[in-house]
Amino acid sequence: MCRRSRHSAASSSDLLGFVVVTHPFHPLSGQRLEVLFAKRRDGGVVLVCAGGVYGSITLPEAWTDRGGRPEAYRLAAEGLAALGTLACAIRGR
């Protein structure tokens with residue numbers, strides 16, 4: 001009897017459907033992608049999605065609209081730039 005290969009435990013049907021890429025620096029940011037399957041990797045969930053001309057792409061779930069809201073302690077790119085400017089001003093540069 002042949003056994004079919006299976007993906008890791010996270011590949012249940014509730015993880016399928018579509019996601020929107022929310023990572024601000026990802027080339028597909030803002031795009032809606034079809035989830036082909038999901039799997040557990042390094043203690044988290046990654047989604048393998050149909051990426052159009054890019055073929056299938058693997059995204060950490062946190063980089064999608066399923067990843068929840070960013071933590072309050074994280075800074076956006078603008079906040080990091082302002083912090084760099086402030087650090088230079090404190091050093092007198």
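Helices here are DSSP runs of H or I with at least four residues, strands are E runs of at least two, and both are numbered from the N terminus. This is a predicted model, so to speak: local features need pLDDT of at least 70, side-chain atom pairs count only at pLDDT 80 or more, and totals for chains, interfaces and linings use all residues. Residues are numbered from 1 along each chain as its sequence is written, and side-chain values use heavy atoms, with hydrogens and water left out.

- Four strands make an open sheet in the order 1-2-3-4, with antiparallel pairing (two strands pair if DSSP finds at least two bridges between them).
- Strand 1 (17-20) and strand 4 (56-60) sit at the edges with a single partner strand each, so one side of each has no neighbour in the sheet.
- From one strand to the next, the twist averages 50° (axes are lines fitted to C-alpha atoms, and angles run from 0 to 180 degrees between N-to-C directions).

**Strand pairs**
- Strand 1 and strand 2 run antiparallel, joined by four bridges, and Val-19 stands opposite Leu-33 in strand 2.
- Strand 2 (residues 32-41) and strand 3 (residues 44-50) are antiparallel too, with seven bridges.
- Over in strand 3, Val-46 is the bridge partner of Lys-39, and Gly-44 is that of Arg-41.
- The hairpin of strand 2 and strand 3 has two residues between the strands, and Asp-42 takes a positive phi near 50° there.

**Rings**
- Arg-32 lies over the face of Phe-18, 3.8 Å from the ring centre (for Arg, CZ must be within 6 Å of the centre and within 35 degrees of the ring normal).

**Helix 1**
- Leu-80 belongs to helix 1 (residues 77-91).
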